[in-house]
Amino acid sequence: MALNLDTLLIQIVVNIIVLAPVLWLSGRLLAGKTNAKFVDAIWIVVLGTVISTVFNSLFSGVIASIILLVLLLGLVKHFFDCSWLKAFAIALFAVIIFAVIIAVLAVVGIGIGLSLWLL
């Protein structure tokens with residue numbers, strides 16, 4: 001299966017905008033200011049996007065997903081200079097932060113939509 005490079009570039013840019021700040025915040029809270037730099041979060045997102053795109057185009061299934069998870073946790077471990085357990089905690093906390101942000105945006109969006117509809 002061929003990789004579409006312009007789609008990959010768009011994915012990288014969107015993931016940097018959306019995921020890097022969340023990952024950086026999570027890493028800063030759990031790994032500390034000295035270990036979690038914003039540039040490191042950007043590198044994790046860029047390399048993670050490229051690795052997952054290539055890996056998903058070559059492999060599929062549960063075992064492949066587990067291997068990909070370990071690879072992505074390895075990126076967090078390497079760039080934020082932490083243990084495997086802390087890398088997992090950073091990733092899990094980033095997912096929670098992202099879910100809270102999405103929920104707040106959904107509530108605000110629904111609130112704005114309802115207020116405009118009621119006018």
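Predicted model: local features only at pLDDT ≥ 70, side-chain atom pairs only at ≥ 80, totals over all residues.

1. Before anything else, a word on what is meant by a helix here: helices are DSSP runs of H or I that hold at least four residues, and they are numbered from the N terminus.

2. Of its 119 residues, 27% count as buried. Among the contacts between residues at least 6 apart in sequence, 64% join residues that are at least 24 apart.

3. The pairing of H1 with H2 deserves a careful look. Helix H1 covers residues 5–31 and helix H2 covers residues 38–58, and the two pack at an angle of about 135° with their axes 8 Å apart. On the H1 side the contact is made by Leu8, Gln11, Ile12, Asn15, Ile16, Leu19, Ala20, Pro21, Leu23 and Trp24, while H2 contributes Phe38, Ala41, Ile42, Ile44, Val45, Val46, Thr49, Val50 and Thr53. By class, the residues of this contact divide into 15 nonpolar, four polar and no charged.

4. H2 passes H3 in a right-handed crossing. The contact draws on Asp40, Trp43, Ile44, Leu47, Gly48, Ile51, Ser52, Phe55 and Asn56 of H2, and on Ala64, Ile67, Leu68, Leu71, Leu72, Leu75, Val76 and Phe79 of H3. These residues divide into 13 nonpolar, three polar and one charged.

5. H2 itself has 21 residues and reaches 30 Å from its first C-alpha to its last, close to the 30 Å expected at 1.5 Å a residue. Its buried residues are Asp40, Ala41, Ile44, Val45, Val46, Gly48, Thr49, Ser52, Phe55 and Ser57, and what covers them includes H1 and helix H3 (62–79).

6. For H3, the end C-alpha atoms are 26 Å apart, which agrees with the 26 Å that its 18 residues should span at 1.5 Å a residue. The buried residues of this helix are Ala64, Leu68, Leu73, Gly74, Leu75, Val76 and Phe79.

7. The loop between H3 and H4 holds Asp81 and is also the place of Ser83. What is the phi of Asp81 near? Its value is near 50°, which is positive in a residue other than glycine. As background, most residues other than glycine have a negative phi. Asp81 counts as exposed because its relative accessibility is 57%, whereas Ser83, at 40%, counts as partly exposed. Ser83 and Leu73 are ten residues apart in sequence, and their C-alpha atoms are 9.7 Å apart in space.

8. Is Ser26 buried or exposed? Ser26, which lies in helix H1, is buried, because its relative accessible area is 0% and buried means under 20%. Leaving aside residues up to four places away in sequence, Ser26 touches Ile90, Phe93, Ala94 and Ile97. Val95 lies in helix H4, which runs over residues 84–118, and at 54% relative accessibility this valine counts as exposed. The C-alpha atoms of Val95 and Val22 are separated by 8.2 Å, although the two residues are 73 apart along the chain.

Notes. Residues numbered from 1 in each chain as written. Heavy atoms only, no water. Axes fitted to C-alpha atoms, helices over the stretch in contact; angles between N-to-C directions. Contact = heavy atoms within 4.5 Å. Nonpolar A, V, L, I, M, F, W, Y, C, P; charged D, E, K, R; others polar. Expected span 1.5 Å × (residues − 1). Buried < 20%, exposed > 50% of the residue type's maximum accessible area, 1.4 Å probe, protein only. Left-handed = near helix turned anticlockwise from the far one by under 90°.
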